[in-house]
Amino acid sequence: MRIHGDLVGENKTMFGEACLKVIKARNDKFPVGALVLALSGWQTHYLSKDGKDLRPIPFDLDTLSPSVSLGVLGMPGLTSYFGLRLLEAKAGEVCVVNGAAGAVGSLLGQLAKLKGLIVIGFAGSDEKCHWLTKDLKFDYAFNYKKISVDDALKQAAPKGVDVFFDNVGGQFFHDMITKHMARFGRIVICGAISTYNDAEIPKFPQTHLQILANELTIRGLMVMSYDKEFDTALNEMAPLIKKGDLKFKETLYEGFEKMPEAFVGLFKGENIGKAIVKASNYP
Ligand SMILES: NC(=O)c1ccc[n+]([C@@H]2O[C@H](COP(=O)([O-])OP(=O)(O)OC[C@H]3O[C@@H](n4cnc5c(N)ncnc54)[C@H](OP(=O)(O)O)[C@@H]3O)[C@@H](O)[C@H]2O)c1
Ligand SMILES: *[C@@H]1O[C@H](CO)[C@@H](O)[C@H](O)[C@H]1NC(C)=O
């Protein structure tokens, strides 16, 4: 199956989700002023033909910013919710998550903590790691730019890792499979951000024997496959967010023209939590 072949390309509108405010309406379901979610891509204005491509925010925002509908209570939040379920983790098990201070990872780690797991996060700065251990109560957080996965896990998971939620792929994934998974370990592949820009598919030594000998389970995750359960999941998570049992951050870029900068920033680790662009210069 080709990946992203139809989504991204020269002269195509870049894909992406937005929280939009209705400014003109001929559909009673979406009056002027209403907030709606749509996969409208990178454009300042969006015209919906029949409203079928628009979704109302399925929970009460109360005092929350509408931006949460794109982050902690949006697609990334849902990804961590269904991701944790796919890991089939039990209390007391050891969990590793990378991209841990990002939108998906920071929530996945907190949901795993609420479930009673021992959570080890990897992120790309000391500031991010400090946030993970001090505010989000991760058991360990390591700056992967300063310490190798091997050294970190020798210290934090000497008996091996039961569940691994992978946002990064590449060398990190390979190190985990070959050296750190416990017997009957489970891996959910959510992303592979370290390889998205590779011109060639990276080559790694075979990992079949380690997967076989440790009897590992590896699952891919596509959040859109769970769309029938989105509203239920969000209404389960929203109270946890409002009570502060789940914490979150957003990195805000002001102005629609910051879209490319915000996007490139993802690959440089500029964001803590969800990267949000506020198109404040448009009505
Ligand atoms: N499967 C699905 O349905 C689904 C849904 C949503 C997202 N995703 C995937 O899940 C992952 C996380 O998404 P997100 O929205 O939560 O993004 P994010 O984590 O908020 O932002 C990306 C982060 O990745 C880290 N990163 C960038 N390049 C890296 C590299 N070479 N090695 C290690 N870390 C690197 C950076 O943090 P550091 O400072 O830590 O490097 C950056 O802040 C992405 O791979 C995304 O594609 C999958
Ligand atoms: C994109 O648009 C430019 C300008 O109209 C054109 O020259 C170019 O061939 C287009 N590229 C593709 C792949 O359609």
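These legends describe close-up views of a predicted model.

**View 1. The shell around ligand 1.** Ligand 1 has 25 residues around it, and K128, Y144, Y196, L221 and N271 come nearest. By type, the shell divides into 15 nonpolar residues, 9 polar residues and 1 charged residue. Three helices each supply at least two shell residues: α1 (75–87), α2 (103–114) and α8 (259–268).

**View 2. Polar contacts of ligand 1.** The side chain of Y144 has an N or O atom 2.4 Å from an oxygen atom of ligand 1. For the side chain of Y196, the distance from an N or O atom to a ligand 1 oxygen is 2.6 Å. V223 takes part through its backbone: a polar atom there is 2.8 Å from an oxygen atom of ligand 1. On its own, ligand 1 has 910 Å² of accessible area, and the protein covers 83% of this.

View 3. Domain 1 covers 5–70 + 250–278, and domain 2 covers 75–224. Both give residues to the shell, so ligand 1 lies between them.

**View 4. Strand β7 and its partners.** Strand β4 (residues 94–98) runs parallel to β7 and is joined to it by 3 bridges. In this pairing, V96 stands opposite F164 of β7. Strand β8 (residues 181–189) also pairs with β7 in the parallel sense, over 5 bridges. Here F165 stands opposite V188 of β8. In a regular strand, side chains alternate between the two faces of the sheet.

Notes
Residues numbered from 1 in each chain as written. Chains lettered and ligands numbered in written order. Predicted model: local features only at pLDDT ≥ 70, side-chain atom pairs only at ≥ 80, totals over all residues. Heavy atoms only, no water. Near = heavy atom within 4 Å. Polar contact = N/O pair within 3.5 Å; in protein donor to acceptor, adjacent residues only side chain to side chain. Areas by Shrake-Rupley, 256 points an atom, 1.4 Å probe, with all protein chains shown as cover. Helix = DSSP H or I, 4+ residues; strand = E, 2+ residues; numbered from the N terminus. Nonpolar A, V, L, I, M, F, W, Y, C, P; charged D, E, K, R; others polar. Domains from an automatic or database assignment. Pairing = 2+ DSSP bridges.
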